[in-house]
Structure formats: C-alpha cells, structure tokens
Amino acid sequence: MVDDEQGFTDLATLSLTDYEIRGENESGRALAAAREFKPDVILLDVMMPGLDGGDVAAQLREDARLRRVPIIFLTSMVTEGETGVRLNFGGFPFLAKPVTPERLADTIEQHLLR
C-alpha cells in the first residue's frame, strides 16, 4: 500500500488482518518497496507529494517483475456518493476515500481471483 498518509496505511494494516500489508508513505520509494515485497495487489493513492499515483503506476508497469500486479487506486478527490459507481482511472479501478475495511477487502479479493 502506497499512501502519503501514515495514519491510513497504519489503519489498513490493523484492519485487514487476513492480509500481509506493507505500507509505504513516500511515493519515491514505492518501486523499490514493491520489488522487495513482491505484492499480489498494490493499493496506490492518487494524490501524493513527489511522485503521484500515475507516476508510480507507470514505474510499476515498466518493471518486468511488477507489470502484471493489479493496481487499485485510492483517492479522496471524489466520494463514492458523488459517482454512485466504482470508478476507473487510466484503466485501473479506484476507490473513493474514506473506504471501509470491508470494501477494501472485497476489492482486494476481486483482484486476487483474477
């Protein structure tokens, strides 16, 4: 999980106990963290200082070891109520924050099954 809000990554780690989660709060270290951790799914904030989520996603897609790892974007730019549907950003699904642990787990499971 890459999100500049440490409170969010900490809460997700505590709430999603069925998963092994590595939180990274500096977008510039996301690629190295993903290479080390070898995730099955990447949860990626859209708006971050330094590299934004789109920049990080581009780096991940350029890496042969990580290009097939599903990416789920997270954003507080819009709410789910404003859209009424699950959103899509550059071909990747994304969830509006705040997001419940149940919704996050459901979305992770959907992408693990693919």
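## Close-up views of a predicted model

**View 1. Thr 9, a buried residue of the predicted model.** Thr 9 counts as buried because its relative accessible area is 3%, a value below the 20% limit under which a residue is called buried. In this predicted model, Thr 9 has its place in helix α1, which covers residues 6-15. A polar atom of the Thr 9 side chain lies 2.9 Å from the backbone oxygen of Gln 6. When residues up to four places away in sequence are not counted, Thr 9 touches Met 1, Asp 3, Gly 23 and Asn 25.

**View 2. The largest nonpolar core and the surroundings of Ile 71.** The largest nonpolar core holds 17 residues, and those that touch the most other members are Ile 42, Leu 44, Leu 60, Ile 71 and Phe 73. Two or more residues each are given to this core by the helices α2 (30-37) and α3 (53-62) and by the strands β1 (42-45), β2 (71-75) and β4 (92-96). Ile 71, leaving aside its neighbours within four places in sequence, is in contact with Ile 42, Leu 44, Ala 57, Leu 60, Arg 61, Phe 92 and Pro 93. In soluble globular proteins, nonpolar side chains tend to be buried together.

**View 3. Phe 92 in strand β4.** Phe 92 lies in strand β4 and is counted as buried because its relative accessibility is 18%. Although Phe 92 and Ala 57 are 35 residues apart in sequence, their C-alpha atoms are 9.5 Å apart in space. Both Phe 92 and Ala 57 are among the residues in contact with Ile 71.

**View 4. The largest pocket and its lining.** The largest pocket contains about 360 Å³ of space. Its lining is made up of 20 residues, and the ones that lie nearest the centre of the pocket are Glu 20, Phe 37, Pro 39, Asp 40 and Val 41. The elements that give two or more residues to this lining are α2, β1 and α5 (101-112), and the largest share, four residues, comes from α2.

**View 5. Confidence along the predicted chain.** The protein chain has an average pLDDT of 89, and 89% of the residues score at least 70. Confidence is highest in α2, at a mean of 97, whereas it is lowest in strand β3 (residues 87-89), where the mean is 60.

Methods:
Residues are numbered from 1 along each chain as its sequence is written. This is a predicted model: local features need pLDDT of at least 70, side-chain atom pairs count only at pLDDT 80 or more; totals for chains, interfaces and linings use all residues. Side-chain values use heavy atoms; hydrogens and water are left out. A nonpolar core is a set of buried Ala, Val, Leu, Ile, Met, Phe, Trp, Tyr and Cys residues joined through side-chain atoms within 4.5 Å. Buried means under 20% relative accessible area, exposed over 50%, partly exposed in between (1.4 Å probe, protein chains only). Contact means heavy atoms within 4.5 Å. A polar contact is a pair of N or O atoms within 3.5 Å; within protein, one must be able to donate a hydrogen and the other to accept it, and residues adjacent in sequence count only if both atoms are side-chain atoms. pLDDT is the predictor's confidence in each residue, from 0 to 100. On a 1 Å grid over the protein atoms alone, a cavity is a set of points where a 1.4 Å probe fits but cannot get out, and a pocket is an open set with protein on both sides within 12 Å along at least five of seven lines; lining residues have an atom within 4 Å of a point. Grid points are joined across faces, edges and corners, and a volume is the space filled by probe spheres set on the points.
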